[in-house]
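Q: I would like to learn how to read features in a protein model. Can we go through them one at a time?

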Amino acid sequence: MLCERCHKNQATAVLTQTLNGRTTTEHLCAECAYKNGFTGLFNGFPFSQMISGLARSGSSSGKDCPKCGSSLEEIIDSGRIGCAECYRTFRAELAPTIQNIHGKAAHVGKHPKAFKREIPEKARLEQLRDDLQTAIQEEKFEDAAALRDQIRLLSQEE
């Protein structure tokens, strides 16, 4: 959807206003939202600094996301995850940071009825345990600790 003000850029923000009991909704691009003073809830919040401070220890992974090509270093520097596959590719490196920010690394709550899990919980636990053994064998103890914490979280949720 294009911005409803400039009709040039992709709309990335939704502005809903209620004046005198009348509600209006407008879809704006980031530029128009900024020009009109709607800079967002987390304006100025240093996400990239938070991520770089928490994830820097695992930043020498040398891996790239097979889907979008992002490296862990790019994610840390920008503070933005490239795509959904990045979460899988850099799971061990990002899990502690995500857990510190959100309190949990796994979704808790309702799912849409049409939602189908890609990996059943038991298979996911087995994959995490295999990844843990690999990390231990490769002496990547920080990664192993993050994987151990994920296994504990998933085991408690069952």
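**Reading the features**

A: Glu 31 is partly exposed, with 44% relative accessible area. On this scale, buried means under 20% relative accessible area, exposed means over 50%, and partly exposed lies in between (1.4 Å probe, protein chains only). The model is predicted, so local features need pLDDT of at least 70 and side-chain atom pairs count only at pLDDT 80 or more, while totals for chains, interfaces and linings use all residues. Residues are numbered from 1 along each chain as its sequence is written, and side-chain values use heavy atoms, with hydrogens and water left out.

Q: With which residue does Glu 31 meet in a salt bridge?

A: Side chains of opposite charge can pair when their charged atoms come close. The term salt bridge is used for a side-chain nitrogen of Lys or Arg within 4 Å of a carboxyl oxygen of Asp or Glu. Glu 31 meets Lys 35 in this way, at 3.2 Å from N to O. The two residues are 4 apart in helix H1 (residues 30–35), which separates them by about one helical turn. Lys 35 is exposed, at 60% relative accessible area.

Q: How many salt bridges does the structure hold?

A: There are 7 salt bridges in the structure. One of them joins the side chains of Glu 26 and Arg 5, at 2.8 Å from N to O. Glu 26 belongs to strand S2 and Arg 5 to the segment before S1, so this pair ties together parts 21 residues apart in sequence. Arg 5 is partly exposed, at 36% relative accessible area. Glu 138 and Lys 140 form another salt bridge, with their closest N and O atoms 3.5 Å apart. Glu 138 is partly exposed at 47%, and Lys 140 is partly exposed at 40%.

Q: In which sense do strands S1 and S2 pair?

A: Helices (H or I, at least four residues) and strands (E, at least two) are DSSP runs, numbered from the N terminus. Two strands pair if DSSP finds at least two bridges between them. Here S1 (residues 13–19) and S2 (residues 22–28) are antiparallel, over 7 bridges. Leu 19 stands opposite Arg 22 in S2. The two strands form a hairpin with 2 residues between them, and Asn 20 in the turn has a positive phi of about 55 degrees.

Q: Which residues of helix H6 are buried?

A: Begin with the span of the helix. The expected value is 1.5 Å times one less than the number of residues. H6 (residues 121–137) has 17 residues and reaches 24 Å from its first C-alpha to its last, close to the expected 24 Å. Its buried residues are Leu 125, Leu 128, Leu 132 and Ala 135. They cover an arc of only 85 degrees around the axis, which puts them on the same side of H6; the arc is that of the directions from the helix axis to the C-beta atoms. On the other side of H6, Lys 122 and Gln 137 are exposed. After H6 comes Glu 139, with a positive phi near 60 degrees.

Q: How many disulfides are there?

A: A disulfide is a covalent bond between the sulfur atoms of two cysteines. The rule applied is a pair of cysteine sulfur atoms within 2.5 Å. The count by this rule is 0 disulfides. Cys 65 is in no disulfide, and the nearest cysteine sulfur, that of Cys 83, is 3.6 Å away. Cys 65 is buried, at 3% relative accessibility. The sulfur of Cys 68 lies 3.5 Å from the closest cysteine sulfur, in Cys 86, which is too far for a bond. Cys 68 is partly exposed, at 37% relative accessible area.
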